[in-house]
Amino acid sequence: MPLINMPEFSGRLLDEFAGRGAARIDTPVIQPAAPFLDMAGEDLRRRIFLTESERGESLCLRPEFTIPVCLRHIETATGTPRRYCYLGEVFRQRRDGDNEFYQAGIEDLGEKNVASADARAVTDAVEIIASLLPGRALTITLGDQTVFEAVVRSLGLALGWQKRLIQAFGNTALLKQLLLTLATPQPVAGLSPELADLLRQDEAALIDHIDRTMQDTGYSTNASRSPREIAARLTEKLALAETRLDGAALLLLSEFLSLELPLSEAAAALAGFADAAGLSFGHALGEFEARVAALQDLGMDPSRITYRAAFGRPLDYYTGLVFEVTQKGSDAVLVGGGRFDRLLTLLGAVDDIPAVGFSLWLDRIEQARAR
Amino acid sequence: MTITIALPSKGRMKDDASAIFERAGLPIVAVGNDRSYRGRVEGHEDIEIAFLSASEIARELGAGAVDFGVTGEDLVREGLVDADRQVEIVARLGFGHADVVVAVPEIWLDVDTMADLGDVAADFRARHGRRLQIATKYWRLTQQHFSSQHGIQLYRIVESLGATEGAPAAGQADIIVDITSTGSTLRANHLKILSDGVILKSQACLVRARKLAHEGDLRIAHIVDAVRNAL
């Protein structure tokens with residue numbers, strides 16, 4: 001059944017939000033489409049309802065709340081920290097499930113204490129689900145982009161390779177493929193003898209060659225990538241192609257990605273892993289431990305949470321914590337959340353605004369309640 | 001039930017399609033004058049020919065408004081969600097060859113594969129303040145190729161309805177996804193096809209709408225066999 005009316009527990013949910021110090025914010029249902037496609041990628045295009053204004057502006061029905069809430073925050077310039085909550089309809093083209101459904105959640109913008117803001121988001125989300133689904137066994141999964149980045153950095157790979165791996169975090173298939181390439185590097189194809197010659201000379205000659213070709217072909221005026229950028233990446237590419245991750249490092253990386261254990265044991269396991277491998281994770285481990293401590297301070301038992309090292313979201317604005325809650329034995333995510341410190345600046349905020357939040361899938365919660 | 005076959009309404013595609021039906025023993029005659037958009041098959045009163053534009057044919061097939069159609073595979077795969085569930089490609093007809101390809105400026109010496117493009121796309125926003133832009137009219141095929149097959153998410157599609165090859169030089173987009181048959185237009189515009197940038201090798205096809213009513217209909221089977229045997 002399509003969920004036309006608000007779920008009956010909406011009022012209760014809004015009380016919960018208010019009790020947790022969040023102020024309700026509303027955003028228009030019709031939104032400019034560009035920020036969503038820019039942030040989440042073109043893959044979203046077939047999953048949203050797109051339309052056009054008379055003047056050709058691309059518009060869509062609100063497919064989620066985080067981006068509209070952040071845009072609203074930037075627009076109203078009310079300063080930080082701010083704790084927003086929302087409850088309303090979102091619209092997505094789904095193969096299974098309805099095309100319109102309700103979401104509610106909290107976005108915590110500008111809280112500088114990252115560990116406690118993270119812990120608060122997880123605790124709020126879990127407590128709200130627990131109160132809506134009393135007595136149900138829940139699976140709480142937590143991942144951390146920062147830890148993965150620290151592991152990759154500490155392996156001493158070329159910067160380009162680090163970027164590729166970090167970019168793929170959360171996309172298991174792509175990550176596997178990259179690791180395979182790292183184990184068996186392929187020579188660079190498609191270089192003409194002239195070009196190979198130029199590459200043996202200095203970079204200035206290469207830049208000059210690219211610049212001249214661009215001018216001759218009338219491409220310069222609108223070229224987005226400059227001769228310098230192309231030359232630099234070509235040099236980098238050749239270096240990367242020769243990079244081979246030694247067997248031991250590759251094994252370490254796969255071993256790390258397969259880590260899955262209670263959060264209460266995770267910090268020690270990560271420290272042990274770093275020690276055994278002779279790696280240093282820098283600040284990442286300290287922040288990880290601080291988050292676990294902050295969770296305990298809020299009364300969350302970390303042994304109830306599963307840390308999965310490979311859990312992440314392959315979008316470049318997610319920066320640290322990711323988490324989700326399901327019923328034990330089910331795949332349906334009831335609430336998902338995470339930290340997105342890069343989103344607000346990407347959307348045009350002048351200052352860096354750290355941000356963390358979560359979103360509840362009210363249709364799935366309603367179904368779970370009915371069962 | 002009348003069987004409707006949609007054929008391209010003009011150009012080489014129309015002539016080539018008519019020739020195949022002629023060889024298949026299903027000669028097509030226009031109703032009224034030569035430029036009429038209706039036709040019939042000599043000796044088969046229960047078959048109707050509708051002359052439509054090639055992209056409309058894909059759409060009509062998806063909607064089940066026609067039983068068969070002759071159109072490019074590119075248009076079928078671009079125009080229909082889950083094309084193989086909605087239609088069946090009965091025969092590839094050997095004309096109207098065109099590849100849907102990813103092409104980048106020739107001078108992007110560092111970009112030869114989709115993986116290279118992935119690297120460039122990942123850094124693009126940081127370097128240029130916007131996502132990598134792709135001019136195309138094939139947004140569905142582009143997405144499948146970039147997002148599903150190569151895990152590249154960070155790009156923007158700029159819809160282009162014609163002269164797509166000119167978009168990079170004109171500054172409307174950075175790269176293109178377009179059809180090419182010989183590659184000469186791409187070369188003339190200083191674009192190169194990535195080594196793994198062929199998204200689809202397309203040609204004209206006889207396509208059947210998957211309809212329940214077709215099951216056990218001997219006339220349907222006859223048309224399928226006749227066209228296949230004429231190739």
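Setting aside residues up to four places away in sequence, Ala125(A) touches Val325(A), Val335(A), Gly337(A) and Phe358(A); a contact here is a pair of C-beta atoms, placed from the backbone, within 7 Å. This is a predicted model, in which local features need pLDDT of at least 70, side-chain atom pairs count only at pLDDT 80 or more, and totals for chains, interfaces and linings use all residues. Residues are numbered from 1 along each chain as its sequence is written, while chains are lettered from A and ligands numbered from 1 in the order in which they are written.

Ala125(A) and Phe36(A) touch the most other members of the largest nonpolar core, which has 86 residues. Such a core is a set of buried Ala, Val, Leu, Ile, Met, Phe, Trp, Tyr and Cys residues joined through C-beta atoms within 7 Å. A residue is buried if 20 or more other C-beta atoms lie within 10 Å of its own, exposed if 12 or fewer, and partly exposed in between, with C-beta atoms placed from the backbone. Helix H4 (residues 114–132) of chain A supplies the largest share of this core, eleven residues. Domain 1 (1–137 + 328–371) and domain 2 (141–185 + 244–323) of chain A both give residues to this core, so it lies between them.

## Domains of chain A

Besides domain 1 and domain 2, chain A has domain 3 (193–242); the bounds come from an automatic or database domain assignment. Taken over C-alpha atoms, the centres of domain 1 and domain 2 of chain A are 26 Å apart.

How many residues of each domain are in contact across the two? For domain 1 of chain A the count is 20, and for domain 2 of chain A it is 17. On the side of domain 1 of chain A that touches domain 2 of chain A, H4(A) gives the largest share, nine residues. The residues of that side divide into eleven nonpolar, four polar and five charged. In this scheme Ala, Val, Leu, Ile, Met, Phe, Trp, Tyr, Cys and Pro are nonpolar, Asp, Glu, Lys and Arg are charged, and the others, Gly among them, are polar.

## Val292(A) in helix H13

Val292(A) belongs to helix H13 (residues 283–297) of chain A; helices (H or I, at least four residues) and strands (E, at least two) are DSSP runs, numbered from the N terminus. Is Val292(A) buried or exposed? Val292(A) counts as buried because it has 22 C-beta neighbours inside 10 Å.

Apart from neighbours within four places in sequence, the contacts of Val292(A) are Leu263(A), Ala267(A) and Pro302(A). Leu142(A) is 150 residues away from Val292(A) along the chain, and their C-alpha atoms are separated by 11 Å.

Tyr84(A) stands opposite Ala23(A) and opposite Glu107(A) in E6(A).

Chain B has nine helices and twelve strands, and 45% of its 231 residues count as buried. A second, separate core of 40 residues includes Val104(B), Ala122(B), Tyr138(B) and Ile176(B).

Between the chains, 34 residues of chain A are in contact with 27 residues of chain B. The chain A side divides into twelve nonpolar, ten polar and twelve charged residues.

Note on methods:
Pairing = 2+ DSSP bridges.
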